[in-house]
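This briefing looks at how two chains meet. Have the sequence and the 3D view open while reading.

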Protein chains: 2
Amino acid sequence: MPALDLSVSSVDLTRTICDIPSVSDDETTLADAIFEAVSALGHLDVYRDGDTIVARTNLGRPQRVALAGHIDTVPINGNLPVRDIEIDGQPYLWGRGTVDMKGGVAVQLTLAAELIAPRVDITWLWYDHEEVDAERNGLTRLARTRPDLFAADFAILGEPSNGNVEGGCNGNLRAIARTHGVRAHSARSWMGENAIHAAAPILARLAEYRAREVPVEGLVYREGLNAVRIGGGVAGNVIPDLCEVEVNYRFAPSRTLDEAERHVRSALEGFDVEIVDRAAGARPGLDAPLAQEFLAAVGAEPRPKYGWTDVARFSALGVPAVNYGPGDPSLAHHDEERVSYAQIEDVERGLREWLTA
Amino acid sequence: MPALDLSVSSVDLTRTICDIPSVSDDETTLADAIFEAVSALGHLDVYRDGDTIVARTNLGRPQRVALAGHIDTVPINGNLPVRDIEIDGQPYLWGRGTVDMKGGVAVQLTLAAELIAPRVDITWLWYDHEEVDAERNGLTRLARTRPDLFAADFAILGEPSNGNVEGGCNGNLRAIARTHGVRAHSARSWMGENAIHAAAPILARLAEYRAREVPVEGLVYREGLNAVRIGGGVAGNVIPDLCEVEVNYRFAPSRTLDEAERHVRSALEGFDVEIVDRAAGARPGLDAPLAQEFLAAVGAEPRPKYGWTDVARFSALGVPAVNYGPGDPSLAHHDEERVSYAQIEDVERGLREWLTA
């Protein structure tokens, strides 16, 4: 494949890198192209670990900002190659990855090439396996092998945020609530105990649950406690002895993991509850001086980020982090994924102005 | 394989035919053996359709009795060949099919060979595919192609009944109740509607449901309305838009199919309910003169049959029918399936005395 030309517009670069498919587990071709292109620049120290690439300026600035973006996408579903479309007279790039998140990555690559002397030192991170298990995420690996590369005073993740600044993120916990019974032939149901019937109060409590809205550092995080899966049953003529309800709790970043777990256990008190996965949220961190400067520069009213994103990794390492990228997050993973030229250009402009001010 | 010797004891014959595996779809070897053995007898007109064999006396008796048994079993699970065991000093045959229902079939084969001049004409029916979908049942096929072969004044099915006479059977209906919602990312759950939560009242109603006990012709049928399966969920981070609850209704034979369906729809009123399968029950039919004589001859206090059995096919054709066979029905399909010699011999004696009185 031809070398990536980082001097084209970020819209053109978005199109180019979307047309290099990089579904999770298949990022190497794109990672190779990025590695070659940034290695050729000269003003960046480049480090590669698998398909994760870190490129840093080392200008001796008093402050350092990390800018990160994942290069993988969810599977293609007939939505590549990228098409140019128009909506309400505005030009858009349509196709897999345009929103989540190659538009953001293209802006970062453009600026990485262009900003030879930014006002802060910059660590660019492009990483693999964000769309799959956290265990396989390139940042998880890097945090284990090279935590020093995360060192920064502020971090910006290019995840789609409609060009707004979304601070921090909610935490995420998954639990399984189980009810138990006794199997019997359904023709003699009184010989058994129906575990599915026993799940009625679990669903009733979830249906009645009123989620909190929690202000954290000026942003209001909206929570949620939901059944996301239910399963039970042995055969059409058997009283079932087990029912499982998978529950997903999204919680404000002011709540610790242990508090979140206690909350779920209390909401499902009386039932057999197993916590199967938990990830802390990230406080918005917008009181950091660099964050304040950034907000002022891009002229944005910060909003809370509801979904969990990798900002939480930076937050956990003590680096305040926000989401700022082109694309409507509700179109991420969508078959009609598309981003307007204008949002890509706005984010590019916002970052450039702040990083060179 | 050697020809079946029908002159041995019914206990020995049970052992022999259990050791000819005949899991549903694999009945041909046993059907061949039965067909050859009864064809050689001379006093029976033998008809074969697939793996179903019908053998009839034609003595011009004023009355005819049908005696039927299925020759297939549920899958073997390390419980063949048959073993002789002792429980509380009593000898048992242990293994797949001993209860459901080769003990009953062996008694029938023994008597088919022995009773050259019974006091009523007899139609013996041994059939395939009882343990699978009703559509594949040998009697379903026969009722379509040769309904004349069902003609009888009374029918006895050799299904395990602990040597008791179990009259008629409950009806059986399966329905699926569905709740609908709107998908959304679980990080923004307020954008969706949770279909699993919406199923709470279905489970609550089923949990609160008190099943009737219904006297029919002197026998008390116990009903049941149960969730036998539940399923819902798209992914761990998605608010589900569909939840399905499979409900099984077992109803007294005094209730018609339409009444049963109305009852289920009323119990689940307000929900999207699809009836997926329904089979009428069978009234006990114990007021038929031949039934009364039979009860008197075997000295049995009749009981209701809770599970659906093929007696309902005879009942639907206007033939009163009961279940009468060796073996504890609660051990049917069990890995420890076993039957006492004594029950096989008792049932053999009961049938012989009545058929020759």
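Which residue of chain A stands opposite Arg229(B) in β13(B)? The residue is Gly233(A). The model is predicted, so local features need pLDDT of at least 70 and side-chain atom pairs count only at pLDDT 80 or more, while totals for chains, interfaces and linings use all residues. Residues are numbered from 1 along each chain as its sequence is written, chains are lettered from A and ligands numbered from 1 in the order in which they are written, and side-chain values use heavy atoms, with hydrogens and water left out.

**Extent of the interface**
- Contact (heavy atoms within 4.5 Å) involves 42 residues of chain A and 42 residues of chain B.
- The two chains bury about 3200 Å² between them, 60% of it on carbon and sulfur atoms; buried area is the accessible area (1.4 Å probe) that two parts lose on being put together, summed over both.
- Trp190(A), His197(A) and Ile230(A) supply 19% of the area that chain A buries against chain B, more than any other three residues.

**Polar links between the chains**
- There are 14 residue pairs in polar contact between chain A and chain B, both residues being at pLDDT 80 or more.
- A polar contact is a pair of N or O atoms within 3.5 Å; within protein, one must be able to donate a hydrogen and the other to accept it, and residues adjacent in sequence count only if both atoms are side-chain atoms.

**Elements at the interface**
- On chain A, α5 (200-208), β13 (224-233), β14 (238-239) and β15 (242-251) each give two or more residues to the side that touches chain B; helices (H or I, at least four residues) and strands (E, at least two) are DSSP runs, numbered from the N terminus.
- β13(A) gives the most, with 10 residues.
- Five bridges join β13(A) to β13 (residues 224-233) of chain B, and the two strands run antiparallel; strands pair if DSSP finds at least two bridges between them.
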